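Subject: Structure for you to look at

Hello,

Here is the structure I promised to pass on. My notes on it follow below.

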Amino acid sequence: MDALEHGSLSRLLDEHGAALVLYARQLCDAPEDVVQEAFIRLMRQRPAPDNVVGWLYRVVRNEALSAARRAGRRTRHEAAAATRREPWFKPAPDDALDAAAAVAALESLPIAEREVIVLRLWSALSFDEIAELTGTSTSTAHRRYEHGLKLLRENWMICPNPKSSQ
Amino acid sequence: MSEPEEFTMNDHDDHQSDPLTHDLPAELKALEARFAALSPCDDRLDRERLMFLAGRASVEAAVAVPGLPTRVREMTWPAAFTAMTAIAATLLGMLAARPVVTETPAVQVAVTERPAGVARPSIAEPKDVNTIVLSTADAHRHDIEQLLSVVRIAANGHAANGHAAHPSVVETERATLTPGAWRQVIDGAERTRARSSDSSDIDVPMNQGITS
């Protein structure tokens, strides 16, 4: 298999770019840089990987964890300032769920549960794929997903949607 | 025109078809659907820059030498430069440390003219090798080689007795009169002969043993 074509890269970027950035954001402070580096590495691959999306998620995860280790050397104040300002989701005025509240609820989850929920809901990966990516079993991935949803529901009960309360 | 290829992880991409999802309670499934309705921000990536960098990376990968890892390719020229610099430095060091070839000093024989009336020192019994000086008259003697051998023997014996050899005697180890010294002797003798043809102290014919 030859290298990836330019049109294929553009389509990949449209279909998975935002979800990859959202996933990388759960693990590090510079998700855009990590995703960009993953796409560049994909274009250097000779031949291109068979499962392009799975390869991208694996590279993004490894790069994000490495970036998080590098960022850990900085002060906590700098890291917090770098991550707090950027929105995760598009604003959805017609939707009942407020994006900022959803982010706050997601940020309250442990990283293992949050990673599985992000991969499941916005990357549309199966539990088998999530398990392979995170290095766990399928049942563990599913258990974390269900536990994360329960935590989200509990947090939602404590801090309900500000729009719906108005 | 062919259909654009789909980039999915596998065939069961739709997570609603995952059998494990059906195990969730209805309340959690509703919450899942509400969260899934949110769309991640897609304006965080600099698309133009990413496409440019990806295209450049693709070209670099295409022109790269197949079979060699990227790290090896990057290190080829620096390694060659380092190796050539090391070789040049080694050769320069060897050149600087090369032993200096010195010329063998020419043997100089002091030629002095003995004043008239001064008796010639005995060559058979040199009393002190430190005072032996070859004179012009000695140079004209037909037994000059014998005289030098006597001086050499005396010097060796003197050194063997614990005395330091006289520098002038040591220098005559290889001493035979050079053509230049012979010419000097002849010139001096001719001048002396011209000044006083009848009172010459030289008792050796001038043309003896000399060929022009």
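Of the 166 residues in chain A, 50% count as buried (under 20% relative accessible area; exposed is over 50% and partly exposed lies in between, with a 1.4 Å probe and protein chains only). This is a predicted model, in which local features need pLDDT of at least 70 and side-chain atom pairs count only at pLDDT 80 or more, while totals for chains, interfaces and linings use all residues. Residues are numbered from 1 along each chain as its sequence is written, chains are lettered from A and ligands numbered from 1 in the order in which they are written, and side-chain values use heavy atoms, with hydrogens and water left out.

Chain A itself

Chain A has nine helices and zero strands (DSSP runs numbered from the N terminus: H or I of at least four residues for helices, E of at least two for strands). Of its contacts with a separation of 6 or more, 66% join residues 24 or more positions apart; contact means heavy atoms within 4.5 Å. The accessible surface of chain A is about 8000 Å², and carbon and sulfur atoms hold 49% of that (Shrake-Rupley method, 1.4 Å probe; for residues, only the protein chains shown count as cover).

One residue: A:Glu115

A:Glu115 sits in helix α6, residues 111–121 of chain A. Is A:Glu115 buried or exposed? A:Glu115 counts as buried because its relative accessible area is 6%. Its side chain makes a polar contact with the side chain of A:Tyr23 at 2.5 Å (a pair of N or O atoms within 3.5 Å; within protein, one must be able to donate a hydrogen and the other to accept it, and residues adjacent in sequence count only if both atoms are side-chain atoms). Leaving aside neighbours within four places in sequence, the contacts of A:Glu115 also include A:Leu27, A:Arg61 and A:Thr134.

Where chain A meets chain B

Here 59 residues of chain A are in contact with 42 residues of chain B. The two chains bury about 4700 Å² between them, 66% of it on carbon and sulfur atoms; buried area is the accessible area (1.4 Å probe) that two parts lose on being put together, summed over both. The rule finds two salt bridges across this interface (a side-chain nitrogen of Lys or Arg within 4 Å of a carboxyl oxygen of Asp or Glu). One of them pairs B:Glu27 with A:Arg153, with the closest N and O atoms 2.9 Å apart. On the side of chain A that touches chain B, α1(A) gives the most, with 16 residues.

Regards
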